[in-house]
Amino acid sequence: MKRGLIVICGPTAAGKTALAIALAKKLRSPILGADSRQIYRDLNIGTAKPTVEERSQAPHHLVDCWDPRENLTLAVYQSQAQALIETVHAQSTGGIFADDISVPLLVGGTGLYIKSIVRGMKIPQVPPQGQLRSQLKNIDQRERYQWLCQVDPAASNKIHPNDSTRTLRALEVFYVAGSPLSSLQGEAPPSYPILTIGVDCLNDPVGKKGADHPGDRLTQRIKRRTAAMIDQGLVEEVRHLRSRYGAHLPLLKTLGYDEMAQYLDGVLTLEQAEAQIVRHTRQFAKRQRTWFRGDRSIQWIDSDDSRQWYTVWGWVEDFLETIPEDAPKNQS
């Protein structure tokens with residue numbers, strides 16, 4: 001048995017889903033989602049979640065499975081993903097290689113989800129503490145950060161003084177676990193081999209101050225996908241979510257949903273909402289690019305490369321050949 005993991009990552013709208021499904025069908029491998037919004041039920045169009053037809057072509061996990069009213073922590077995601085990988089590794093997926101490989105696909109654009117698996121991040125098992133956070137939020141960020149400097153200097157050195165989210169989390173972990181966040185963190189990389197493939201519109205020119213550039217292919221992809229989302233019923237999806245879960249559902253404040261909610265509230269016209277979704281999605285994609293480009297282990301393929309499949313399949317074949325027989329399963 002050859003055991004490993006293939007990761008497909010990259011910015012939003014780059015074309016990860018199509019490539020992942022093609023590979024999953026070829027390898028007879030399951031797809032594990034690595035998207036912090038596609039994992040929630042009922043958020044379909046606005047998250048560009050793989051359609052029911054697409055999901056029928058290959059087994060999908062960690063997609064469309066979590067109640068949107070419940071916050072999924074990174075620790076819980078990591079635990080579930082690692083358990084699924086171990087389950088797949090205990091089986092043989094076969095594919096064109098007969099019954100001798102077991103290589104699931106981890107697919108998505110949430111860098112922290114992917115890092116938690118491929119780097120084996122040690123994440124404190126401390127769920128959000130609502131009452132404690134409320135108390136801490138009543139304190140000025142400057143004072144909160146000073147507290148953090150006192151109780152966990154190592155963590156404070158990695159957190160900007162104005163970063164209230166990470167400051168709150170570090171203090172939360174300290175008061176609940178009784179230990180500094182820095183002492184509970186670290187990495188334990190998995191023992192199985194990993195091939196990471198990045199999908200992006202390579203060599204895109206970048207406009208000044210985030211403005212669109214006529215040669216920016218990813219922006220054009222984002223525009224086309226946003227228009228398609230609206231045609232597919234994004235407005236109705238937001239209206240349904242507000243009716244079922246309430247207008248204050250935190251996920252409705254995220255990309256695509258917030259702008260459409262403003263349209264429904266009469267704050268924006270539909271054209272303005274669409275333009276804002278494009279602009280905000282482009283900004284989000286830029287942050288994703290920055291995150292992933294910092295990982296030198298990623299092998300990049302162009303979204304519009306006519307020979308994309310042949311190049312990627314060559315990488316996969318080479319990767320599978322390097323996996324030793326009976327490679328040990330993930331011990332993290």
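Throughout these legends, buried means under 20% relative accessible area, exposed means over 50%, and partly exposed covers what lies in between, all with a 1.4 Å probe and protein chains only. The views come from a predicted model, where local features need pLDDT of at least 70 and side-chain atom pairs count only at pLDDT 80 or more, while totals for chains, interfaces and linings use all residues. Residues are numbered from 1 along each chain as its sequence is written, and side-chain values use heavy atoms, leaving out hydrogens and water.

View A. Rings of Phe, Tyr and Trp (its six-membered ring) pair if their centres lie within 6.5 Å; planes under 30 degrees apart are stacked, over 60 edge-to-face, and the rest tilted. A search of the whole structure finds 2 aromatic pairs. Trp309 is partly exposed at 27% relative accessible area, whereas Trp313 is buried at 10%. Look also for Lys26, which lies over the face of Trp313, 5.4 Å from the ring centre (NZ of Lys or CZ of Arg must be within 6 Å of the centre and within 35 degrees of the ring normal).

**View B. Arg293 sits over Trp300.** Here the charged end of Arg293 is 4.5 Å from the centre of the Trp300 ring.

**View C. Tyr77 and Tyr113 form a stacked pair.** Their rings are 3.9 Å centre to centre, with 15° between the planes. Tyr77 belongs to α3 (residues 74-89) and Tyr113 to α4 (residues 111-118), so the pair ties together parts 36 residues apart in sequence. Both tyrosines are buried.

**View D. One side of helix α6 is buried.** In α6 (residues 141-151), Gln141, Arg144, Tyr145 and Leu148 are buried. They lie on the same side because they cover an arc of only 95° around the axis, taken from the directions from the helix axis to the C-beta atoms. On the other side, Arg142 and Gln150 are exposed. The buried residues pack against α5 (130-137), α7 (153-156) and α8 (164-177), with contact meaning heavy atoms within 4.5 Å.

Notes. Helices (H or I, at least four residues) and strands (E, at least two) are DSSP runs, numbered from the N terminus.
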